[in-house]
Amino acid sequence: MANSSRDLRRASGSLYRTRTMTYACFLAPALILYLLVVIIPFFQGIPYSFTNWQPVKGVKDFVGFKNYINLFTKGKVFWKSVRNTFEFTVIYILISNAIGLGMALLVQRSSRLNNLCRTLIFMPYVLSLITAAFVWRNIYSSVYSPIFGVPSPLGTKGQAMYGIAIISSWRTAGYCMLIYIAGLQGVPNEYYEAASVEGANGFQKFTKITMPMLIPAFSSNVSLLLAWGLKVFEVVRATTKGGPTLNETTTMSMFVFDNIFANWKAGYGQAAAILMTLILLVVSFIVSGFFRKQEVY
Amino acid sequence: MAQSAVDTRKKPLLNYTQKKKLINYVRIALVVIITLLYVSPLYISFNYSFKTPQELGTSSAMALPKSLYLGNYVDVLTKNRDFVTGFTNSLITTVCIVGILMVITPMASYVLVRSTSKWSTFAYYIFMTGILIPFQCIMYPAYVNLKAVGLIDTLPGYILVRTGFLIGTSIMILTAFVKTVPVELEEAANIDGASIFQAFWMIVFPLMKPINVTVLVINTLNAWNDYTVAVSLLQSSSKRTLPLAQLLYTSESGIEINLAFAFFGLCMLPVLILYLFTQRYIVSGIMSGSVKG
Amino acid sequence: MKKLLTLVLCLIMVLCAVLATAEEPVTITIMHYMGNTVKIEAFDAILAKYQETHPNVTFEAQMYSQNDYIAQLPIRIANGDTPDIMMGSPNQYSDIIDAGKIKNLTGHELITKLGLAEGDQKNCQYNGEVYALPLDFKTYGVIYNKAIFEKYGLTEPKTQGEFDALCKVLKDNGVDPFIRNNSNVTYPDIEMRAILWPLLLENGNADAFEKLMNGEAQFTDYPEFAKAFELWGRRLAFNRIDDMSNDTTMARQKIAAGEAAMIYDGTWAFAQIQGFNPEVEYGMFVMPRDDGKENAWCIQLDQLFMVSNESKHEEAVMEFMAYLLSPETAGFWSAQTLSPSVVPGVETEMPEVIMAACKGKESGNIAHEGAFTTWLKSEYLTAWRQITQTFCADETVGVEEAVQLLQDTFDEINASK
C-alpha cells in the first residue's frame, strides 16, 4: 500500500494532488462534524474546570487548580466512583466474554439451529439500556428472589455491582459471541487436524490452538467493552441510583453528572470530567498497548 | 501419545461415530436450554404487557396472562399523547442520523485506511480518542453551542449532536473492515481511468455491504434508543423522541409496569424487525470487520 | 405609482392595527415532574378546558423525571430558556431564586386569597418572601389493610407499646407486618423524616438542617437523630426478603394483594393502591411514639408552582395561575388525583385514607416542612437519602455509625466547596 502510493507520487504530481484533494473531501464531513460536536465542546469545558463556575448564578471566577486539588485531597466520593467504575468494568468484561466465548464455542458451525440461536442471543442488544434495566429489576425481584429465596442483588450490599454488570452483559454478550465466532472461523482446520494426528485431546487443542488464535477477537472485545463499561451511566441510574449503601454503585459518569448539574458545583464537576477522560485515555492506552504486544506472537 | 489414542478406539463403550453423535445431542440440548434461558427475560416482559392492572398483584411474573388483554397497548397508543409525536420524531431523527452517518463514515474510513499521510493518522487518533469522551463531559458546552446557533430544542440540532457522537465507533468498525479490502481492485480501476471518487463508490463501497449493514443497524439501535442526549437537547413535547415518552410510566412516584412493558414492546418493534431482516448481514458484518487487528 | 404605494402602506397599517387589537397568541411553557398517568390526564384536562375560554393561549407542558428535572432546569435557566411556570419548592431551588429568576409573589392577590395556614405559607417561601403557589399537600404514614387488622382484632395503635404488640400478633400469625419499597431512596427518607421532624421541632431546633448544611452544627448536637434511627431500626426488624428490591409499584401491588398488613407510603400512593384491588379497604395512621405523646403528621406542600421573572407574557401566566387555583379547578384536580387540596372552598368526597390525612392536618398536631428554616437540599438531601437507605441495606451500620456517616458525608461536601 505504502509502495503503491509512492509509485504514484513519482508517476504524476498532479494525480497525487487530485488524490489528496479527493481524500480531503472524503474525510472532511466526518472530521468537521466530529470536531464541532465532540472535540471542541470537550476543550470548551476545560476552562470551566479552573473556576468556581455556577451556571445559574452566572458566577465564574478563576480559582486555579483548586478543584483538582480538592478532587485529589478531599474527593473521597470521586475516587470511590473511580473504583466502582473499574469494578463494574472488570465484572462486565469477564461475564460478557465468558458468555460470548461459551456460546460461540457451542454454535460456531453454521446450521439452522445454530443460526437461530445466534440471532436470539444477539437480540437483547436491540433493547435500550433503560428497558433492559427495567426488565431485569423485575427478573431479580419477581423471579430470581422467590426461586432462590434470597434478596435481589440490586438491593444487597456487596452484590449490587454484580447485579448491574449482569444486566449490561446480558445486553452485549451476543455481540461478543459474534466476534468470537468470527475468530473461531478464522482458525484454519488444518491446525486441528495436525493436532489430532499428534494425538492432542480436546482440551489441549483448545488451550494450544483455539485460545492463542482467539487473542485478536478477545482484544477487540475487551477494547469495545472497556469503552462502554468505563462510561456506564444509564443502567445504574435506572436501577440503584448509586445505592443500596452510600455510593456503593456511584460511577464516574454519575459523579460528573451530579456535580455539574444537580449539585450546583459545575466547576468541580467539570474538573472531575476532565480527570475522568484522562483516566479513560490512560487505561485504554495501556490495554491496547498490552494487546498489541500479545498479538506479535 | 499416538498409541494411547489408538487404545481408546480399540475397546470403546460407544464407537467413534456414536460418541460424536452423543456429544452433538448434548451440545444441542445445551444450546437450546441456554438460549431459552437467555431470552426468557424478554418473555417475562412481554408477558407483563398483556396483564390487566388487577392481575399484576395476584399472579406471578412467569404465569401466562388469563386472557390476551390488549388494553395496555391500546392505552399506550391512544392515551400517551407523546407516543405518536415521539414515534414520528424518532423515525425522522433516526433516518437522518443513520443516513448522514452511512454517507460520511465509509468515505472517511476509506481515506483513513488508504492514505499514508501523517494528517490522516492524526485524524484517526482523534476519532479513536473521541470515543472515550463521555457525553456528560460535553453536555453543557453542547447546550451552549446549540443555543448560540439557534438549534437548541430542534430536531436538526439533536441530529447533529447525536450523529457526531456515533461517528467514532462507526469509524472504528469500518476501518477494521476496509483494511481487508484488497487495494489491487482500485488500482485496476484507476488504470482504467476511474477517479478515486468513482473507484470508491463503484468498487469499495459495494464490497463494504455487510459491514455497512452492520454499522447501519448498530447506529439505528443507538439513535433509536438514545435517552441521555435527547433529554438534554429536546424540550418541547412536539420535538421529543420516543424514549422520552416512557417517563409517564416510569416515574419515581410509581411505575406502571404493564403499560411500561407495552410501551417498551412497541418501541422495540421497528428496530426488532429491522434486526431480524438484516441479521444475516450483521453476523457476517461483525465477524468480518472486527477481528482483523 | 406613489398613490399605489401610499395605499398599500395604509392597508398594512390598518391590518397591523386590527391584528394588535385581537388577542395576541401566547404560549405558556410549563416544566414539571408530575410523572404518572392519573396526574398527567388531570392536568391535561385542566389545560384543555382553559384553552376553550382562552383560544389565544397554547400550553407547552414539558414533563421530566425528577432526576432530569433537577439537571435540566439549571441549564435552561442559565441559558435564558426559563420556562414560564416551573414546579418546585422554593427552598430546594434557592440558587435560582438568588439569581433573581423567580417572580416574588409576596403580597400577591393570589397568595393572600389562598389564606394559607402559617406552616403552609412558609413552605411557599424562601428568605421570608413568597415564591411559589401551592395546589395541594402531602403527608405520609402507615396505610393498613382493614380486613387483616379486623381478622386479628387489631386497632390503630396509639403508643409504641401498642404498635410493638400489634406487630408481634401479626408476626405470630404468620402475617408480615410491613411491605417496603426501600430500593427507592424516597421511602427510607420519608420514614425517617416522619420520626425526626416532630422531635426536632418540639425541641426548638427549627434551624437544625440549616446549621448542619453550613457546618455550624454537628449531628451529635442533635440527639434526635440517634433517637430517630433507633426507633426506626426497631420497626425495620420486622423485615421481608423483598424490602430492598420492591419498587414503589411492586410494594403497592403486594399490599393490595394482601401480602402484608401495612405499608409506609404517602397520600400520593393511594390512588394506585386502590386501583390494584378496589375491594380492599384501607385506613391510615401516623406512627405512634414511645413517650406517650401523640405523634404529629408531617406535612409538605405538593404541586408548588414557581413563576418566571423573565416571562414575556406575565399577565397571561398569572391569569392561568388564578384559574388553576380557583376552587373549581383545584377541586377537579383533587377529585381526579385524590390529593388533599390547600385551596379554600374545595369540597370533594375523599376516601377514608385521605380524609385521615386531612383531619391530621386540621388537628394542628403537625410537623410542617415550612416550620423549619430550611429542609435539606441538593447534594445534602441526596446524601441524607442514601444514608437512610444504607441504614436499611447494611446490617453493620447501626445508629451510631449512621449518625457518624451523616457527619462525615456532610463534612466532605462542605470541604469540596
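The structure is a predicted model, in which local features need pLDDT of at least 70 and side-chain atom pairs count only at pLDDT 80 or more, while totals for chains, interfaces and linings use all residues. Residues are numbered from 1 along each chain as its sequence is written, and chains are lettered from A and ligands numbered from 1 in the order in which they are written. The largest nonpolar core has 300 residues, and the contact between chain B and chain A takes 71 residues from chain B and 73 residues from chain A.

**Domains of chains A and B**

- Chain A is assigned domain 1 (2-48) and domain 2 (66-295), where the bounds come from an automatic or database domain assignment, and the centres of these two domains of chain A, taken over C-alpha atoms, are separated by 33 Å.
- Chain B is assigned domain 1 (2-58) and domain 2 (71-290), with the C-alpha centres of its two domains lying 35 Å apart.
- Within chain B, 8 residues of domain 1 are in contact with 8 residues of domain 2, two residues being in contact if their C-beta atoms, placed from the backbone, lie within 7 Å.
- On the side of domain 1 of chain B that touches domain 2 of chain B, the elements giving two or more residues are α2 (16-49) and α3 (53-58) of chain B, and the largest share, 4 residues, comes from α2(B); helices (H or I, at least four residues) and strands (E, at least two) are DSSP runs numbered from the N terminus.
- That side of domain 1 of chain B divides into 4 nonpolar, 3 polar and 1 charged residues, where Ala, Val, Leu, Ile, Met, Phe, Trp, Tyr, Cys and Pro count as nonpolar, Asp, Glu, Lys and Arg as charged, and the others, Gly among them, as polar.

**Contact of chain B with chain A**

- On the side of chain B that touches chain A, helix α13 (residues 257-290) of chain B gives the most, with 12 residues, and by class this side has 50 nonpolar, 19 polar and 2 charged residues.
- Helix α6 (residues 129-148) of chain A packs with α2(B) at an angle of about 90°, their axes being 10 Å apart; axes are lines fitted to C-alpha atoms, for helices over the stretch in contact, and angles run from 0 to 180 degrees between N-to-C directions.
- That angle makes α6(A) roughly perpendicular to α2(B), since angles of 65 to 115 degrees count as roughly perpendicular, those under 35 as roughly parallel, those over 145 as roughly antiparallel and the rest as oblique.
- The contact is made by A:V135, A:W136, A:N138, A:I139 and A:V143 of α6(A) together with B:P41, B:I44 and B:S45 of α2(B), and these residues divide into 6 nonpolar, 2 polar and no charged.

- Chain C has 18 helices and 12 strands, and its C-alpha trace spans about 100 × 55 × 35 Å along its principal axes.
- Of the 417 residues in chain C, 51% are buried, a residue being buried if 20 or more other C-beta atoms lie within 10 Å of its own, exposed if 12 or fewer, and partly exposed in between, with C-beta atoms placed from the backbone.
- The contact between these chains joins 29 residues of chain C to 23 residues of chain B, and α12(C) gives the most to the side of chain C that touches chain B, with 5 residues.
- By class, that side of chain C has 9 nonpolar, 16 polar and 4 charged residues.
- In α12(C), 9 of the 9 residues are buried, so this helix is largely enclosed by the rest of the structure, and just after α12(C), C:G258 takes a positive phi of about 80°.

**Nonpolar core and a buried loop residue**

- The residues with the most contacts inside the largest nonpolar core are A:Y180, A:A272, B:A108 and C:I143, such a core being a set of buried Ala, Val, Leu, Ile, Met, Phe, Trp, Tyr and Cys residues joined through C-beta atoms within 7 Å.
- Helix α7 (residues 160-185) of chain A gives the most to this core, with 17 residues.
- Leaving aside neighbours within four places in sequence, A:A272 is in contact with A:L71, A:F78, A:F255, A:V256 and A:N259.
- A:A238 is placed in the loop between α11 (234-237) and α12 (252-262) of chain A, and A:A238 counts as buried with 22 C-beta neighbours inside 10 Å.
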